[in-house]
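User: I have a structure to go through with you. Could we take it piece by piece?

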Amino acid sequence: MQSFWSPLVCGVLVFCIVQPDAYGQSDDDEDTQEEAVEEILVTSTRSRRSLEDLPTRVELISGEELGEKVNMKPGDIRMLLNESTGIQVQQTSATTFNSSIRIQGLDGRYTQMLRDGLPLYSGFAGGLGLLQIAPLDLQAVEVIKGSSSTLYGGGAIAGLVNLITKVPDYEPETSMLLNRTSAGGLDASAFHASRSDNVGTTLFASWNENAAYDPSDVGLSAIPEFERWTLNPRAFFYLDDSSELSIGITAVVEDRLGGNMDYIKDRPVAEPYYEDNRTKRLSSQLEYSRPLGEGTLNFRNSLGHFDRELEMADFGFAGVQKSSFSELHYALPTGAAEWITGLSLITEEFEQQDAVPGFNQDFSQYTLGAFIQNSRPLTDTVSIEAGVRVDHNDDHGTITLPRVAFLYEPTPDITVRAGGGLGYRLPSLFIEEAESVQFRNVLPLDRSSMNEEQSKGVNMDVTYRIPQGNGNLITLNSLLFYTRVDDPLELQEQGDNLEFTQPDGYVDTRGVEITVTATYGDFKLFLGYTHANVREHYAGTVSRAPLVSEHRLNNVLIYEREDDFRIGLEAYYYGPQRLSDGARGKSYWVTGVMTEKTLAENVKLFLNFENFGDTRQTRFDTIYTGSLSNPQFRDIYAPLDGFIVNGGIKVLF
C-alpha cells in the first residue's frame with residue numbers, strides 16, 4: 001500500500017507548490033455563470049421549466065459540487081446525498097454496508113429513487129440500491145423534499161431523488177476515472193457520448209471492488225468484500241427537429257460478502273457468521289417524445305428484473321422481483337401557463353425461491369394512475385403549480401392525491417415558496433426492519449387486510465440573495481417542513497416470528513433547514529443546519545423515532561483556482577440519536593479534506609482524506625452483543641470504516 005500512496009501524495013504536493021497561480025474568475029465569467037444557472041431546466045416536475053421559475057422547490061446537485069462528490073466516492077452515491085442539508089444516509093447493516101436514505105428524518109422507504117424519471121431501485125434491492133449506482137455518468141441530481149406522490153405515484157412521502165444522466169452532444173465526450181482507497185477499494189469507470197444529426201449514443205461502464213476491511217479489529221467487516229460490474233449503453237434517435245426516441249439497457253452484477261473476517265479470508269472457522277448477497281439487475285429504459293398539436297406527447301417505460309440471493313450460515317432468502325413503469329403524458333403550453341395530463345401503469349411481482357411452508361412471500365400487484373397539473377402566473381410576482389393524481393391499486397382501491405405550490409418573488413433578491421400535498425405508500429415486505437433481520441421468521445404480509453400508509457405534508461422556504469459586488473454573493477435559505485404519516489407499517493414480535501402490524505397512531509416530522517452559501521473571490525463557504533423532530537404517536541404515548549439525528553451541521557469551505565487547483569475542508573456534526581433498544585447514541589463529528597489538481601487541460605488528479613479524525617462507532621460504543629459466531633447487532637448510528645484516504649486520476653477527452 002505504501003508503494004502506491006507515496007508517489008501519489010508526493011506528486012500532488014509537488015504540483016500544488018510549483019504550478020503558477022491561475023487567474024481567478026472574472027466578473028464577466030460570474031455573470032455568464034449566473035445566466036447559465038437560470039437556464040437550467042428541471043425534469044422531475046415534467047414541465048421542464050427553469051429552476052428559478054418553479055413554484056415547486058427543487059434542489060439541484062450539479063457542476064463542481066457533483067464532480068467533487070464523484071471524486072470522493074466514485075463507487076456509489078452515498079456521500080453525494082449524505083452531505084446535503086436535510087438528507088441523512090443511514091447504514092442499516094453492520095457487515096455489508098447496506099444503507100437507506102432519510103429525508104427530513106423519515107424512514108428510507110418513504111423516499112422514491114428515480115433515474116431519468118424512471119423508478120429502478122426500490123423493493124427487494126432495499127439497502128443495496130444506493131451502493132450499486134456509480135455516479136460518473138450523472139449530469140445532475142434533482143431532489144424534491146416533501147410529499148411528491150402526486151408526481152410519480154406511491155412511495156414519495158418524504159420526497160424523491162431523480163438521478164439525471166448525461167445525453168450526447170455534437171461534441172463527443174469521453175471521461176475515464178481510476179480510484180484507489182486505503183481500505184482496499186478500487187474503482188474504474190468510463191463514459192462516452194457522441195451524436196450526429198440523426199443518431200446519438202452513450203456508453204457507461206464501471207468496475208468496483210473492495211477487500212474486506214476491519215479497522216477496529218473486532219473480527220467483523222466494516223466494509224464487505226465485493227465486486228460489481230455495471231454496463232449501460234443507450235441509443236438516441238433524432239427522428240426530426242422535434243421528435244426523439246431513446247433506448248437503453250442497464251446490467252449490474254455484484255457479489256457482496258460481509259461478516260466474519262476469518263471466514264471471508266478463507267481461514268478455518270468453526271461457526272462463522274456471514275452475509276453473502278449475490279445480485280443481478282437487468283433493466284430497460286425507453287423514452288419517446290414528439291410534437292402533437294400545440295403541445296408535446298411523451299412516453300416513457302422501464303422494465304426491471306432484479307435477482308437477489310441472500311445466504312447466511314443457517315438461513316437463506318432469495319427471490320426475483322419483476323417490475324414495470326409506463327407513463328404517457330401530454331404537455332400543453334398556453335401562453336404563460338402550462339397544462340400536463342397523463343396516465344401511468346406500475347406493476348410489481350415478487351417470486352420467492354425455496355420458500356419455507358408458511359413463510360412464502362410471493363405477491364403481484366398493479367397500480368393504474370391518472371394525473372393533471374397546471375402551472376401559471378397569478379400576478380407579476382406570484383405563480384402557482386397545482387395538480388391532482390388518482391391512483392387505483394388492485395388491493396387498495398382508489399387513492400386521490402392533490403398537491404399545490406406557490407412562488408412569490410417580491411424583489412429579484414427574495415424568493416418565497418410554499419406548498420403541500422398528500423402522499424401514500426403501499427404495504428410492502430421490503431422495509432428496513434425486515435431487511436435488518438434478513439427476512440428471517442417474517443410472516444407473510446396480507447396486503448388486502450392492511451391500509452396503505454397515508455401522508456399529508458407542507459413546507460415553506462425563503463431565499464434571500466445579498467450581492468456583494470465583484471461577482472461575490474451571499475445566499476440565505478430557510479425551510480420549514482411538516483409531514484405526518486398515518487397507519488405506519490411496523491414489524492412486531494409474534495412468538496418466535498415477526499408480524500407486520502399497523503399500530504393505532506401516526507409518525508410525524510417537523511423541523512427546519514437553514515443554509516448559507518457565500519462566495520468571495522476564490523473562496524466558497526457552505527453552512528447548513530438541519531433540525532428534524534421525528535416523533536412516534538402510538539396508543540396515547542409519544543416517543544422519539546430511532547436513528548434520527550435531531551441536530552445536524554454541514555460545514556464546507558473551498559478554495560479554488562479555476563482550471564488549476566481546488567482544496568476543500570469539510571466538517572459534519574451529528575447530534576445524539578435514540579436507538580431501538582432505548583439507549584442514546586453519542587454525538588460525533590466527521591471531518592475531511594478533498595483536493596483536486598489539474599495537470600493538463602483534460603487530466604485531473606484528486607486526493608481526499610475522509611474522516612481524518614477517525615470517528616468510528618467502535619471507538620465509543622459497541623456494535624453487537626454475544627459471540628462472533630452469533631452476533632446480536634445493535635443499531636449502527638456512526639461510521640464503522642473510520643479514516644480512509646482515496647486518490648486517483650480523471651481524464652476528460
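User: What is the strand order in the open sheet of five strands?
Analyst: The order is β1-β6-β7-β4-β5, and the pairing is mixed. Please note that this is a predicted model, in which local features need pLDDT of at least 70, side-chain atom pairs count only at pLDDT 80 or more, and totals for chains, interfaces and linings use all residues. Residues are numbered from 1 along each chain as its sequence is written, and side-chain values use heavy atoms, with hydrogens and water left out. Strands (E, at least two residues) and helices (H or I, at least four) are DSSP runs numbered from the N terminus, and two strands pair if DSSP finds at least two bridges between them.

User: Which strands are at the edges?
Analyst: The edge strands are β1 (59-62) and β5 (118-119), each of which pairs on one side only.

User: How many bridges join β1 to β6?
Analyst: Four bridges join β1 to β6 (residues 138-145), and the two strands run antiparallel. Within this pairing, V141 in β6 is the bridge partner of I61.

User: Which helix packs on that sheet?
Analyst: Helix α3 (residues 63-72) does, touching β1 and β6; contact means heavy atoms within 4.5 Å. The direction of α3 makes about 60 degrees with that of β1. Axes here are lines fitted to C-alpha atoms, for helices over the stretch in contact, and angles run from 0 to 180 degrees between N-to-C directions.

User: New topic: how many cavities of 30 Å³ or more are there?
Analyst: A search of the whole structure finds 10. On a 1 Å grid over the protein atoms alone, a cavity is a set of points where a 1.4 Å probe fits but cannot get out, and lining residues have an atom within 4 Å of a point.

User: Which residues lie nearest the centre of the second largest cavity?
Analyst: They are K73, R78, M79, F97 and D641, out of 45 lining residues. The space in this second largest cavity is about 820 Å³, where a volume is the space filled by probe spheres set on the points, and grid points are joined across faces, edges and corners. Strand β2 (residues 87-91) gives the largest share of the lining, four residues.

User: On to β30: how many of its residues are buried?
Analyst: Strand β30 (residues 588-600) has 10 of its 13 residues buried. Buried means under 20% relative accessible area, exposed over 50%, and partly exposed in between (1.4 Å probe, protein chains only).

User: Which strands does β30 pair with?
Analyst: Strand β29 (residues 565-574) is joined to β30 by 10 bridges and runs antiparallel to it, with M594 in β30 as the bridge partner of G568. Strand β31 (residues 603-610) also pairs with β30 in the antiparallel sense, over eight bridges, and here T595 has L607 in β31 as its bridge partner. β30 and β31 form a hairpin with two residues between them.

User: Why does T201 count as partly exposed?
Analyst: T201 counts as partly exposed because its relative accessibility is 33%. T201 lies in strand β10 (residues 199-210). Leaving aside neighbours within four places in sequence, its contacts are P168, H192, A193, S194, R234 and F236.

User: Finally, what is phi of F439?
Analyst: Phi of F439 is near 65 degrees, a positive value in a residue other than glycine. Most residues other than glycine have a negative phi. F439 lies in the loop between α7 (432-436) and β21 (453-469), and F439 is buried, with a relative accessible area of 4%.

Conventions
1 Å grid on protein atoms, 1.4 Å probe; cavity = no way out; pocket = protein on both sides within 12 Å on 5 of 7 lines; lining within 4 Å.
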